[in-house]
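Please look over the structure shown here. Some questions and answers about its parts follow.

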Amino acid sequence: MKTIKIKKIKSLKGEITVPGDKSISHRAIILSSVANGDSHINGFLEAEDNLRTLNAFKLMGIEIERIKKGKLLIHGKGLNGLKEPFDVIDAGNSGTTIRLLTGLLAGQNFFSVITGDAYLRKRPMERVVEPLSKMGAVIYGRNNGNLAPLAITGRKLKAIDYISPIASAQIKSAILLAGLYAEGITSVTEPVKSRDHTERMLKAFGTDIKADNSKVEIKGGSRLKAREIDIPGDISSAAFLIAAGLIIKGSEILIKNVGVNPTRTGIIDLLLKMGGDIKLLNKRESSGEPAADILVKSSSLSGINITRDNIPGTIDEIPILCIAAASAVGETIITGAEELRVKESDRIKTMVDGLERLGVEAEEMPDGIIIKGSRGVPSGRGAKGPAPAGTNQGSRNKCIKVNSYGDHRVAMSMIIAGMAGVGNHKEVVVEDIECIKTSFPDFLKLLRRI
Ligand code: S3P
């Protein structure tokens, strides 16, 4: 098991770029593969999760050339150009790969099996299998179709109007991709709009798609025209650096070319609300996605309430938000976030465990977490002792061990916590950091540079 020992650092300074957006990179491979003609992709994230999607399409006969790092040329074969995979498709740790591909595979004229690693095989698939079955898909899996491996007998699908009980881009995208192969117009309505990269990219590829707020409609049989796609940096990766820049004293970081799609910028809105000094500069649009440079300066943060409507726009950033909250003045209360329990780990449990090991007071709730900021309680709201509130006196100044539980975002959050001195330890050892490669292979290299 790979571990790392982290010491509190003085400050972070410099200009950096973060790797390409993970969600957009998956979609770029999928849509280019079923488009007619050659698509050039720039800024593709060469992380484990995206390589799983890439390999799946190679297995289905798509020729994909790697021109150089992050630059691909995909020879798309049209909507009906995929061929039956010769082997089981392995999605590894990637929920986006398995769920989006299940939607796409349901409408093919061949049989396929898709599975993943031990973590992914425990995550719920019923959320896509159920609506796809309503479209006429034939999908079998363990636990009554809820768990991978999933066996999919592709067939002609029919359009549905699906009201999703969960705000999830993976559910929405699986249905839209199946909708491409269905007869009629398929619609998906969500309780709160989730990230809309699939809709934006389907539109950029010229399909007949209509999106208004939380409802999307797609017409079956829409052809995709090959094109060039520029993928901006991933705001979910930038989030670790933004939070680090805010909570590590004396820091100033400029993060260049980050995707700032409004369905993804919840982290910036919440950190601004906490008092963070964050500026979006040089706003522009690239391949239908907004992008900007982000300037961050260290700030004094205050605890806030994060509620259900905030969750879809900040779903992957809750672990690092917990670290920011632990460094804030006062309490942060996160509710309506039960979806965190079915991520790469049960992030309510794993973050509470990590925070407690660091000596931060954190309380697990069924749908969220309460975090007592380690920089004390604002005057007039409670006791102020000689030590910061929320820190566990007994463990201060020792070397503390925390575990990622195989979850890349928990691992990176704990590394930032160690660098920022959350809990006031001399050293923090983060165990099981191998998983970082699923989304941000150069994370440590980049941190060392600044
Ligand atoms: C993703 C959607 C989100 C997110 C995941 C990536 C996507 O999952 O957590 O990391 O690319 O569609 P849900 O759809 O389960 O919320």
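**Asn50 and its surroundings**

Q: How long is the polar contact that joins the side chains of Asn50 and His26?
A: A polar contact is a pair of N or O atoms within 3.5 Å; within protein, one must be able to donate a hydrogen and the other to accept it, and residues adjacent in sequence count only if both atoms are side-chain atoms. Such a contact joins the side chains of Asn50 and His26, at 3.5 Å.

This is a predicted model: local features need pLDDT of at least 70, side-chain atom pairs count only at pLDDT 80 or more, and totals for chains, interfaces and linings use all residues. Residues are numbered from 1 along each chain as its sequence is written, and side-chain values use heavy atoms, with hydrogens and water left out.

Q: Is Asn50 buried or exposed?
A: Asn50 has its place in helix 2 (residues 48-59); helices (H or I, at least four residues) and strands (E, at least two) are DSSP runs, numbered from the N terminus. Buried means under 20% relative accessible area, exposed over 50%, and partly exposed in between (1.4 Å probe, protein chains only). Because its relative accessibility is 0%, Asn50 counts as buried.

Q: Which residues does Val128 touch, not counting residues up to four places away in sequence?
A: Val128 sits in helix 4 (residues 126-134) and is buried, at 0% relative accessibility. Contact means heavy atoms within 4.5 Å. By that rule, and leaving out residues up to four places away in sequence, Val128 touches Arg99, Thr102, Gln170, Ile171 and Ala174.

Q: How far apart in space are Val128 and Ala174, C-alpha to C-alpha?
A: In sequence, Val128 and Ala174 are 46 residues apart. In space, their C-alpha to C-alpha distance is 6.7 Å.

Q: Why is helix 10 described as largely enclosed by the rest of the structure?
A: Helix 10 covers residues 318-326. Its buried residues include Ile318, Leu321 and Ala326.

Q: Which residues touch the most other members of the largest nonpolar core?
A: A nonpolar core is a set of buried Ala, Val, Leu, Ile, Met, Phe, Trp, Tyr and Cys residues joined through side-chain atoms within 4.5 Å. The largest one has 78 residues, and its largest share, ten residues, comes from helix 8 (residues 235-247). The members that touch the most others are Ile255, Ile415 and Phe443.

Q: What distance separates an oxygen atom of the ligand from an N or O atom in the side chain of Arg27?
A: Arg27 is one of the residues around the ligand, a residue being near a molecule if one of its heavy atoms lies within 4 Å of it. For the side chain of Thr96, the distance from an N or O atom to a ligand oxygen atom is 3.4 Å. For the side chain of Arg27, it is 2.6 Å.

Q: Is Asp432 buried or exposed?
A: Asp432 is found in the loop between strand 25 and helix 13 (443-449). Its phi is positive, about 65°, although Asp432 is not a glycine. With a relative accessible area of 18%, Asp432 is buried.
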